[in-house]
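Please open the structure in your viewer and keep the sequence beside it, with the selection tool ready. Each stop below tells you what to select next and then what is to be found there.

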Amino acid sequence: MRPLRYADTLEEAARRVLPEEVHRYVATGAGRSISTGEATGAWDAIRFVPRVLRDVTRVELRTTLLGTEVRSPFGIAPTTLQRAAHPGGEAEMAAGVADAGGLLVVSSNSGTPFEALSETGAAWWLQMYVTADRPSTAPVVERAVAAGARALVLTADTPVVAAKELGERTVWDAVEPGWLRANFPEPDPGSDPSRLEKARDLGPQDITWLVDTFGLPVVVKGVLHPADARRCVDAGAAAVWVSNHGGRQLDQVVSSAEALGEVSAEVGDEVEVYVDGGVRRGVHALAAAALGARAVFLGRPALYALAADGRTGVARLLGDLAGELEEALRLSGHVAPEGVGRDLLHGRGPGLDRL
């Protein structure tokens, strides 16, 4: 019997060390978790038509993401509660990413000071929300910029946080002081807390404001419709990130695998396109490349690797997936992800009938 892949062991290993409420919170999607449950299957449903009689002696996985060189097109998506997964939290995650030569996107809710991330040598971007009171967004972003963040990732699909079915005890019953919001200033006494809520009037003008105010490239995360991707690019976004938030916002939303092709067809010739959601294998990254993604990002698997084995687990996860992608490229007749086109895809599978 073939031994289990390391990635296939991670959730169970993490379950053994995470507080029950934290694991349930991470694993659960919104509503009935329909979209969460469909994510990996959507990648599995894609079929390839490989090419033969090609020289695949040398395969190159290295690429650049907004100018940052990485060893492979796998990045780490922002996840919260990393201090619950490992005492070192985001700094431990960053160390694993640095070991693998990758890129980390850090949640603005990080429980680790941003300054500790750059000390690991990891390249990192800041995931952020725009608050109802726009100036209140600035302090966290300014601290991240000063600490070495190389880009801002604006999460656009969260005007409100969707309800989750989490049982009698919720994750907030298990959260300890210091696990979250380590980089936020103390609120002014007597200030209106509603001004710090997520903006419900988020628009393309906020992309332009972020670019002009902070001077970093802006990636817009949570895009599923090609018309929205166009609006992002026209407003100054440097990249568009196809994501359904791990199925944690609107349930029954289309999978990232289904949405990717149309988004990349709309804007992929102008900006970089990324994707997350359900990616668990090298062949999933091969499919993403064929659909126009420059990189794929890992959410839950990376958090589980952090919980199970710390920086070693994070580096191993990234390395194993890179090895799987290298093999998949050779077997499909390609030598780099950038050289993979839609002719690799058979005309069946989620979303392929619309391309």
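**Before you start**

The model is a predicted one, in which local features need pLDDT of at least 70 and side-chain atom pairs count only at pLDDT 80 or more, while totals for chains, interfaces and linings use all residues. Residues are numbered from 1 along each chain as its sequence is written, and side-chain values use heavy atoms, with hydrogens and water left out.

**Stop 1**

Select residues 123-128, which form strand β5; helices (H or I, at least four residues) and strands (E, at least two) are DSSP runs, numbered from the N terminus. Six of the six residues of β5 are buried, where buried means under 20% relative accessible area, exposed means over 50% and partly exposed lies in between, with a 1.4 Å probe and protein chains only. In a regular strand the side chains alternate between the two faces of the sheet. In β5, A123, W125 and Q127 point one way, whereas W124, L126 and M128 point the other way, and all are buried.

If you look across from W124 in β5, you will find L104 opposite.

**Stop 2: helix α7, between two strands**

Keep β5 and β6 in view and select residues 138-147, helix α7, because these three elements make a right-handed β-α-β unit. A crossover is right-handed if, with the strands pointing away from the viewer, the path from the first strand over the helix to the second runs clockwise, so you can turn the view and follow that path yourself.

Which residues of α7 are buried? They are A138, V140, V141, A144 and A147. An α-helix has 3.6 residues a turn, so residues three or four places apart point the same way. The cover over the buried residues of α7 includes α6 (114-118), β5, β6 and α8 (204-214). Just after α7, select G148, which takes a positive phi of about 115 degrees.

**Stop 3**

Select S332, which lies in helix α12, residues 300-332. Is S332 buried or exposed? S332 counts as buried because its relative accessibility is 3%. A polar atom of its side chain lies 3.0 Å from the backbone oxygen of L329; a polar contact is a pair of N or O atoms within 3.5 Å, where, within protein, one must be able to donate a hydrogen and the other to accept it, and residues adjacent in sequence count only if both atoms are side-chain atoms. Leaving aside neighbours within four places in sequence, S332 is in contact with P50, R51, L286 and L344, contact meaning heavy atoms within 4.5 Å.

Next select T208 in helix α8, which counts as partly exposed because its relative accessibility is 31%. The side chain of T208 reaches the backbone oxygen of A235 at 2.8 Å. If you also select K164, you will see that T208 and K164 are 32 Å apart in space, C-alpha to C-alpha, and 44 residues apart in sequence.

**Stop 4: two residues with positive phi**

Most residues other than glycine have a negative phi, and most peptide bonds are trans. Select L66, in the loop between β1 (63-65) and β2 (68-70), where phi is positive, near 50 degrees. L66 counts as partly exposed because its relative accessibility is 26%.

Then go to Q252, in the loop between β8 (239-242) and α10 (256-267). Q252 is not a glycine, although its phi is positive, at about 65 degrees, and Q252 counts as exposed because its relative accessibility is 54%.

**Stop 5: the largest pocket**

To finish, select Y25, P78, T79, H245 and R248, which, among the 49 residues that line the largest pocket, lie nearest its centre. On a 1 Å grid over the protein atoms alone, a pocket is an open set of points with protein on both sides within 12 Å along at least five of seven lines, and lining residues have an atom within 4 Å of a point. Among the elements that each supply at least two residues of this lining are α2 (20-27) and α12.

Methods:
Pairing = 2+ DSSP bridges. 1 Å grid on protein atoms, 1.4 Å probe; cavity = no way out; pocket = protein on both sides within 12 Å on 5 of 7 lines; lining within 4 Å.
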